[in-house]
Amino acid sequence: MPNATSQNGTVEDPAAPGVGRTRTVRFRVKRCDGPGKPSRWESFDVRVAQGEGANILACLQRIAANPVTAEGAKTTPVVWDAGCLEEVCGACTMVVNGRARQACSALIDTLAPNDGDEITLEPMSKFPVVRDLHVDRSRMFHTLKRLKAWAPIDGLYALGPGPREQPARQQERYAYSTCMTCGCCLEACPQFRLEPQPGRWDTAFVGANAIGQTLLFNEHAIAGELAPDRLDEMLAPGGVSDCGNAQNCVKVCPKEIPLTDAIAAIGRAATIHGLKRFFAR
Amino acid sequence: MPDHDRPAPFMQRHHFLLRRLHSLAGIMPIGVFLMSHLTTNSSVVWGLVNANRIPEGHAGAGTFQHEVNFIHSLPYLILIEVFGLWLPIAFHAVLGVYYATTGRPNHARYPYQDNWRYTLQRISGYVGVLFIFYHIATLRWGWTFLIPGGTQWEAQYAASTLAMALQGGGDGLTTPGLLVSAGYMVGVSLLVFHLANGLWTAAITWGLTVTARAQRRWGLVCAGLGAAMMVMAWSAVIGFATLDPAQARLAEEAVNRGHADPAHVEPAEILTQNPEGGRP
């Protein structure tokens, strides 16, 4: 039955027999030509086949191949960032239908199952826009350096075998080690704000992912040597005390990292560290 | 880049200490005071159990007068007020408003219950501090031009003059009086929420409740405490908004003259409590 309209309004594509019915999905994309430039909305219609497993990035590729808006106007291809395509690098994080997530794991069959369904794409609002959906996330790397998120094992001689690691502790830390610094927790945080000026990054709120990494490295047998330095940063402006306990971070984290547990654990460590500093220094 | 030649501003140098003092001040003294304050004020309702000890007038009003008389017998009351209440409230309010302006509520995009409470905590803080200012200015500092009816609150006639301030005068509830009473209802409800939710977040801030399970458990405790305080707050406002000032005045005068004492224990009760015989 070619071109038969099914119950949910999708139409079988005669050009691609066997792939299944195809439908038109409309993408509303918030576009921006460069840093400091004004934003505008453009719509694109993309044909998607039922069951092909397309994600948002596949649709953005189709838009790039034929950059014509839904109104028929020729435009520039939409720019986006991507890396691994399997939700472990965080590069393609964007705001999909108002919620921060990775575009690679955002499947069209789930988001827009019917013909004419709409998907809204925006760049993350907490990072400076490079162009269209591509943002500059270097502030997160800056914060990890500020928090010394590493194990200090560099030296001129062999340090010998490391300390023994307890499996139970390792399991606890494992969850935090899956953080890919994507920025979802920061995008959803009412306390984390856009700071285009790098000069403000050392006093602005570090955000949930950085507090999770502080716990990860403080609990590490070797990296824990730098725990006092990290806690000094947690007591400074922008540290853990700037958390407002809205707890959006833990709900939007694609890796389901217990970020609010980390915030409370670092809050406890900061309380003790602060008391030590107040009375013993 | 941090400027090493100039010392950082005061707020930045003592960032953590100020944050923790802000949290502490909300619980002690302010939160502890609010609990005792609501206990005292709801005595206009629970004080009705003293009907046999205060035979004249409204027993709740008499009990409230007895509580107020005790508070006004405290030594150095003005120092307790200034250093125990007004300055901590000003500190908590000024810092709280400053901290709140550093956030951007986003409950519309992320409508989680926790996130709604984040927003409501800030709204209740803004409204709450305005309400506290009106409350103290009109009743304690005597800014009677802000009271419909222009009546003055007097400590020796605590219940009747409070009822008049809430009702817009001594001749029953007027429309401006209804507005003041409704404002009190909203104000105290928001402040009770602010304390209950603040206790929940403070336990995370200080690191007492670390896991999500512990936070849920403590959340139940805070919700229970908040519900109990809400009952006290509403009974106090409704109790005074509906109190007959004349009946209240009768009980107040009886208590003030020493003719009625809600804390009075009958000799017979002492005897039943002490079977050995009523040795004083």
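Reader: How do you know which features of the model may be described, and how are the residues named?

Author: This is a predicted model, in which local features need pLDDT of at least 70 and side-chain atom pairs count only at pLDDT 80 or more, while totals for chains, interfaces and linings use all residues. Residues are numbered from 1 along each chain as its sequence is written, and chains are lettered from A, with ligands numbered from 1, in the order in which they are written.

Reader: What makes helix 2 of chain B oblique to helix 9 of chain B?

Author: Helices are DSSP runs of H or I with at least four residues, strands are runs of E with at least two, and both are numbered from the N terminus. Helix 2 (residues 15-41) and helix 9 (residues 212-241) of chain B pack with their axes 8 Å apart and at an angle of about 45°, where axes are lines fitted to C-alpha atoms over the stretch in contact and angles run from 0 to 180 degrees between N-to-C directions. Angles under 35 degrees count as roughly parallel, over 145 as roughly antiparallel, 65 to 115 as roughly perpendicular and the rest as oblique, and therefore helix 2 of chain B is oblique to helix 9 of chain B.

Reader: Which residues make the contact of helix 2 with helix 9 in chain B, and how do they divide by class?

Author: Helix 2 of chain B contributes B:Met35, B:Leu38, B:Thr39 and B:Asn41, and helix 9 of chain B contributes B:Met229, B:Met232, B:Ala233 and B:Ala236; contact requires C-beta atoms, placed from the backbone, to lie within 7 Å. Ala, Val, Leu, Ile, Met, Phe, Trp, Tyr, Cys and Pro count as nonpolar, Asp, Glu, Lys and Arg as charged, and the others, Gly among them, as polar, and on that basis the contact has six nonpolar, two polar and no charged residues.

Reader: What is the value of omega at the cis peptide bond of B:Met28 and B:Pro29?

Author: Omega is about 15° at this cis bond, and B:Pro29 has its place in helix 2 of chain B.

Reader: Why is A:Lys148 called partly exposed?

Author: A residue is buried if 20 or more other C-beta atoms lie within 10 Å of its own, exposed if 12 or fewer, and partly exposed in between, with C-beta atoms placed from the backbone. A:Lys148 has 18 other C-beta atoms within 10 Å and is therefore partly exposed; A:Lys148 lies in the loop between helix 3 (138-146) and helix 4 (167-177) of chain A, and has a positive phi near 50° although not a glycine.

Reader: Why does A:Thr181 count as partly exposed?

Author: A:Thr181 has 19 C-beta neighbours inside 10 Å and therefore counts as partly exposed. A:Thr181 is in the loop between helix 4 and helix 5 (184-187) of chain A, and its phi is positive at about 55°, although A:Thr181 is not a glycine.

Reader: How do you know that strand 2 and strand 3 of chain A pair?

Author: Pairing needs at least two bridges found by DSSP, and strand 2 (residues 21-32) and strand 3 (residues 39-49) of chain A have 11, in the antiparallel sense. Strand 2 of chain A also runs parallel to strand 6 (residues 118-122) of chain A, with four bridges. A:Val29 stands opposite A:Glu42 in strand 3 of chain A, and has A:Leu121 as its bridge partner in strand 6 of chain A.

Key. Two residues are in contact if their C-beta atoms, placed from the backbone, lie within 7 Å.
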